[in-house]
Amino acid sequence: MKIIVQKFGGTSVATLEARGAVRKKIIKALDEGLQPIVVVSAMGRKGEPYATDTLLNLIRAENPAVAKHEIDFLISCGENISAAIVAANLQAAGIKALALTGGQAGIITDDKSGAARILKVDTTYLRELIDDGIVPVVCGFQGSTENGRSVTTIGRGGSDTTAAAIGAALKAKAVEIYTDVEGIMTADPRMVKQAEIVECISYGEICQLAYQGAKVIHPRAVEIAMQKNIPLIIKSTFSDAPGTLITNDLGEDTKDTPIIDRIASGVTYLPDISQVRIAMNEEQNTAGMEIFDLLADSNINVDCLNVHPGEIIFTVEENDLDKAVNILHSKGFDKMAVEKSCAKVSVVGAGMRGVPGVMATFVRAFVKAGTPILQTVDSNITISAVIAREHLNKTLAQLHEAFGLSKSVQE
Ligand code: ADP
Ligand code: MG
């Protein structure tokens with residue numbers, strides 16, 4: 001029997017009504033002769049009783065310096081609640097269902113609490129359940145260390161990764177990610193009203209979109225699915241729309257198909273970054289690169305790096321700014337300018353490769369929005385710019401417009 005992994009996000013399991021919609025999706029898969037494996041996130045979003053953030057606040061109020069082991073032990077509970085409730089809901093409809101923790105489902109991780117990586121999926125128990133006609137309802141986001149002594153969590157958006165890892169391990173027909181939008185859109189619909197659903201997108205493009213801020217799917221999930229060539233489908237729990245199919249690199253393999261007859265596939269943004277510009281004297285110029293080791297050792301992620309003679313420019317997450325500045329001061333880099341409250345906006349598209357005029361189109365959008373560009377960086381299929389955050393909304397709208405990300409272009 002063909003296996004399908006169905007992952008349901010926080011809003012999809014938050015209410016009885018929503019869980020009714022979840023049940024319909026699972027019944028539909030069963031009716032189609034597929035064997036579903038269900039993966040669930042914690043219920044609801046920030047502020048709601050069982051959401052991950054709520055649990056985190058609860059334990060930090062008790063002890064701000066609590067050990068990571070206890071944090072993972074607690075924040076993994078949100079998924080336990082969801083899995084039990086969803087399994088109960090399925091049982092009420094006469095479906096044989098069983099709730100499983102990540103560890104029970106065979107998700108084995110390293111021991112890096114809070115940011116564990118999945119090392120392997122031991123599928124023995126999942127296969128036994130499937131053979132017995134049972135629908136496993138697996139807690140996303142969690143795993144267990146190999147010796148079974150610690151519950152671990154795999155970071156924000158981790159339930160997507162759980163679903164992809166199970167799909168890859170069991171060679172599923174597809175991994176369906178059910179959420180509150182009808183698929184991947186050309187922009188975050190909360191920021192750009194004209195955003196449209198994309199019918200099909202390559203692993204490479206969605207990975208870039210996700211890394212550059214589009215939180216609709218976790219990039220690690222995309223990487224795992226890509227490695228094993230498992231189709232990923234992003235769909236709404238609450239409608240029958242076909243959703244977005246994520247599949248292999250359309251830009252390379254299917255150059256003549258209409259799907260890639262678009263320059264860009266989406267625009268996205270990272271809203272909370274700061275830009276650092278350091279003036280380097282000659283001596284520092286040669287030794288200067290050591291600062292990146294220092295920042296990396298302190299777990300500070302450096303992005304948008306431009307190196308010029310006499311100057312280095314880069315960005316860090318706003319939360320890391322003070323720490324980064326202190327490190328730089330301590331190493332004698334005192335000619336420094338910091339631009340707080342910045343955002344990074346990006347356009348992603350496999351169709352941009354080698355197309356002349358793309359940069360001109362990009363820059364024109366900023367001119368039209370009246371947004372000064374503080375810095376640009378580009379790679380293979382992504383062009384990005386750092387701007388002041390106050391210009392974010394209008395800049396995204398202009399970029400979306402400039403790259404023709406409207407329905408008429410995609411059809
Ligand atoms: P879930 O809890 O189901 O995992 P998420 O909040 O992680 O849901 O992801 C869905 C949300 O992602 C949407 O509600 C939407 O606001 C946001 N989003 C950001 N960028 C995009 C995009 N390009 N396409 C679709 N949704 C996006
Ligand atoms: Mg999510």
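The model is predicted: local features need pLDDT of at least 70, side-chain atom pairs count only at pLDDT 80 or more, and totals for chains, interfaces and linings use all residues. Residues are numbered from 1 along each chain as its sequence is written, chains are lettered from A and ligands numbered from 1 in the order in which they are written, and side-chain values use heavy atoms, with hydrogens and water left out.

I begin with ligand 1. There are 18 residues around ligand 1, and Arg45, Thr179, Asp180, Met185 and Arg190 come nearest; a residue counts as near if one of its heavy atoms lies within 4 Å. By class, this shell has 8 nonpolar, 4 polar and 6 charged residues, where Ala, Val, Leu, Ile, Met, Phe, Trp, Tyr, Cys and Pro are nonpolar, Asp, Glu, Lys and Arg charged, and the others, Gly among them, polar.

Which distances separate polar side-chain atoms of Thr179 and Asp188 from an oxygen atom of ligand 1? For Thr179 the distance is 2.7 Å, and for Asp188 it is 3.4 Å. The side chain of Arg190 places an N or O atom 3.0 Å from an oxygen atom of ligand 1. The protein covers 88% of the 570 Å² of accessible area that ligand 1 has on its own, by the Shrake-Rupley method with a 1.4 Å probe.

I turn to the domains. An automatic or database assignment gives domain 1 (2–180) and domain 2 (266–410). Their centres, taken over C-alpha atoms, are 35 Å apart.

Finally, the hairpin. Strands β14 (residues 303–308) and β15 (residues 311–317) pair in the antiparallel sense over 4 bridges; pairing requires at least two DSSP bridges, and strands are DSSP runs of E, at least two residues, numbered from the N terminus. Asp303 has Thr315 in β15 as its bridge partner. The hairpin has 2 residues between the strands, and Gly310 takes a positive phi near 85 degrees.

Conventions: Polar contact = N/O pair within 3.5 Å; in protein donor to acceptor, adjacent residues only side chain to side chain.
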